[in-house]
Amino acid sequence: MRRGRSPFERVGRREYGYNIRQVDDFLTEARAYYNDPDQDADPITSKTVRSMAFDPAKGGYEAQAVDAALDRLEDVFAQRERDQLIQEKGEEAWLSAIGRMSTVLRARLHRPHGERFRRPSARKAFSYNVRDVDALCDELLGYFEQDQPLSVDVIRRAVFREARGRSGYEENQVDAFLDRVVELMASID
């Protein structure tokens with residue numbers, strides 16, 4: 001249900017979506033920075049877009065539509081960052097940067113199943129199901145080393161079953177790793 005000139009569908013009045021003002025403000029700021037990166041405002045990067053979070057609000061924007069727009073925006077910023085690096089330092093510098101990042105990521109992917117990430121130290125801490133995470137890591141190995149197709153959106157939308165404590169992988173470490181994977185895939189594609 002569209003209301004007025006909203007850029008996104010909104011959820012019902014009693015449902016929760018993303019805070020409209022926060023989304024609109026961020027997108028306005030991102031558009032202004034993209035159009036004039038030399039302004040005095042804080043720089044907006046693909047990482048800024050990837051880590052953006054909005055408060056829930058009744059009657060807010062539909063989350064999936066906003067997330068899809070942020071994914072496209074992140075890709076645009078990543079492309080520009082890649083082009084800028086190539087323009088300033090040459091294609092070899094870009095290839096070297098992605099090569100270094102790829103080497104670090106692949107080293108973790110080559111660890112044995114069940115040993116790719118830390119286990120939480122707290123017994124009842126929420127963690128990610130080891131098998132789910134390892135399955136995604138296997139897909140990533142296929143992408144990086146055997147040219148198997150894999151969309152960056154699969155990584156962005158990855159969901160793992162819940163585990164508790166040491167029976168799972170530490171969520172923060174897995175999330176940080178996947179952020180780096182998204183960064184690399186977005187700069188390559």
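Colleague: Which helix gives the largest share of the lining of the largest pocket?

Modeller: This is a predicted model, and its largest pocket holds about 680 Å³ of space. Of the 23 residues that line this pocket, Arg 50, Met 52, Arg 156, Arg 157 and Asp 179 are the closest to its centre. Two or more lining residues come from each of helix 2 (46-50), helix 3 (63-89), helix 6 (152-156) and helix 7 (171-188). The largest share, five residues, comes from helix 3.

Colleague: How many of the residues lining the second largest pocket are charged?

Modeller: The second largest pocket has about 240 Å³ of space, and among its 14 lining residues the closest to the centre are Glu 81, Arg 82, Met 101, Glu 183 and Ser 187. Its lining includes six nonpolar and three polar residues, and the number of charged ones is five.

Colleague: Are helix 5 and helix 7 roughly parallel or roughly antiparallel to each other?

Modeller: Helix 5 (residues 130-146) packs against helix 7 with their axes 13 Å apart, at an angle of about 25 degrees. Angles under 35 degrees count as roughly parallel, and the two helices are therefore roughly parallel.

Colleague: Which class do the residues in the contact of helix 5 with helix 7 belong to, nonpolar, polar or charged?

Modeller: Helix 5 contributes residues including Leu 136, Leu 140 and Phe 144, while those from helix 7 include Phe 177, Val 181 and Ile 188. The contact has no polar and no charged residues, and its twelve residues are nonpolar.

Key
Residues numbered from 1 in each chain as written. Predicted model: local features only at pLDDT ≥ 70, side-chain atom pairs only at ≥ 80, totals over all residues. Heavy atoms only, no water. 1 Å grid on protein atoms, 1.4 Å probe; cavity = no way out; pocket = protein on both sides within 12 Å on 5 of 7 lines; lining within 4 Å. Points joined across faces, edges and corners; volume = space filled by probe spheres on them. Helix = DSSP H or I, 4+ residues; strand = E, 2+ residues; numbered from the N terminus. Nonpolar A, V, L, I, M, F, W, Y, C, P; charged D, E, K, R; others polar. Axes fitted to C-alpha atoms, helices over the stretch in contact; angles between N-to-C directions. Parallel < 35°, antiparallel > 145°, perpendicular 65-115°, else oblique. Contact = heavy atoms within 4.5 Å.
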